[in-house]
Amino acid sequence: MKAAHLCLLLHVFLTASVLVHTFDPLTTTVVLGIGATLGRTIYNYLHESCDPKWITFNATGLQADLERKMFGQHIASRIILKAVTGFMSNDNPKKPLVLSLHGWTGTGKNFVSELIANNIYKEGMDSSFVHVFTSELHFPHAKQFDTYKSQLQQWIKGNVSNCGRSMFIFDEMDKMHPGLIDSIKPYLDYYDKLDGVSYRKAIFIFLSNAGGENIVQTALDFWKAGRGREEIELKDLEALLSLSVFNNKQSGLWHTSLIDKNLVDFFVPFLPLEYGHVVQCAMAEMNARELPPNLKVAKQVAKDLVYFPKAERVFSVKGCKTIESKLNYYT
Ligand SMILES: *[C@@H]1O[C@H](CO)[C@@H](O)[C@H](O)[C@H]1NC(C)=O
Ligand SMILES: *[C@@H]1O[C@H](CO)[C@@H](O)[C@H](O)[C@H]1NC(C)=O
């Protein structure tokens with residue numbers, strides 16, 4: 001599609017250039033000048049660049065997405081909307097935005113990162129300014145840690161030099177070598193510039209299961225006490241979360257001074273999902289696939305998932321993670 005556009009435009013431009021020969025030199029210069037400017041504009045139009053045409057934050061869009069597509073995460077939704085909106089509406093932030101998302105698998109950590117990207121970058125997750133790092137894919141061998149370290153630093157520096165409004169997502173932080181995160185610490189801090197590069201407009205998002213068990217326990221305590229899930233507040237989880245992350249050697253944040261130095265702006269807890277949320281996920285997935293909504297199928301899909309703890313069977317073991325493939329089977 002884009003290549004076809006480009007060909008057509010090139011053709012028009014060449015035809016125009018041929019016509020130019022019939023004009024006097026002054027007109028030719030002017031026309032060529034206009035042509036060059038036009039060429040650049042067309043290139044920017046078709047090719048993603050680091051400007052507001054491609055990078056504009058849509059606060060109402062993010063809010064709508066969080067309300068319509070994220071289920072059972074009243075705390076996470078609220079923090080994320082506030083954090084991202086505050087950060088993106090500040091033209092001169094003092095440091096990059098650093099979010100640490102915590103929770104059980106399938107609760108929506110990856111998904112919410114996607115929603116953020118979709119409402120900042122026109123190209124969403126496909127944007128060349130959004131970078132996802134997974135330990136298993138990018139840093140699989142502990143022995144090569146030194147190579148990874150300098151590579152990661154180079155990448156971040158290179159990409160932020162290219163575009164200040166870059167976004168970096170680190171998935172599976174639990175499996176990340178602690179030193180690796182330590183090595184990018186300077187970029188997260190309150191520096192005006194490092195080596196001539198300012199990182200203050202960048203966004204860093206860390207995803208992990210760390211603290212997930214504590215979050216589950218709190219949600220379960222509320223459930224057992226017959227209290228509504230919506231009654232759970234950030235303060236019920238916050239202290240618990242940062243402490244557990246700090247003490248959990250497997251968490252990847254362990255031993256790093258991220259927490260020590262308050263480089264993480266927000267710890268965002270994701271609650272385990274209940275049957276009702278899984279039904280909502282299934283309905284949303286049907287909607288996304290433009291299938292007619294079928295509550296009966298959605299309930300069936302939700303019912304066939306595994307729930308824990310064994311006795312109470314309150315929370316979905318895999319959250320909404322397997323809904324997509326399950327739905328293929330039922331429809
Ligand atoms: C922002 O998002 C809203 C809701 O999704 C949408 O209606 C609106 O067109 C978006 N605005 C821009 C400028 O993309
Ligand atoms: C940007 O990051 C990607 C990894 O996501 C890397 O492959 C690329 O080389 C980086 N670009 C620069 C200019 O460093």
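Student: Happy to start. Leaving aside neighbours within four places in sequence, which residues are in contact with F170?

Tutor: First, a word on the basis: this is a predicted model, where local features need pLDDT of at least 70, side-chain atom pairs count only at pLDDT 80 or more, and totals for chains, interfaces and linings use all residues. Side-chain values use heavy atoms, without hydrogens and water, residues are numbered from 1 along each chain as its sequence is written, and chains are lettered from A and ligands numbered from 1 in the order in which they are written. Taking contact as heavy atoms within 4.5 Å, and leaving aside neighbours within four places in sequence, the partners of F170 are F133, L152, I156, M176, I181, I184, F204, I205, F206 and L207.

Student: Which residues surround ligand 2?

Tutor: Count a residue as near if one of its heavy atoms lies within 4 Å of the molecule. Helix 7 (145-162) and strand 2 (130-134) each supply at least two residues of this shell, helices (H or I, at least four residues) and strands (E, at least two) being DSSP runs numbered from the N terminus. The shell is H131, F133, Q154, W155, G158 and N159.

Student: And how far does the polar side-chain atom of N159 lie from an oxygen atom of ligand 2?

Tutor: A polar contact to a ligand is a pair of N or O atoms within 3.5 Å. For H131, a polar side-chain atom lies 3.1 Å from an oxygen atom of ligand 2. For N159, the distance is 2.3 Å.

Student: Which residues lie around ligand 1?

Tutor: A polar side-chain atom of N58 sits 2.4 Å from an oxygen atom of ligand 1. The residues around ligand 1 are N58, T60 and G61.

Technical notes:
Polar contact = N/O pair within 3.5 Å; in protein donor to acceptor, adjacent residues only side chain to side chain.
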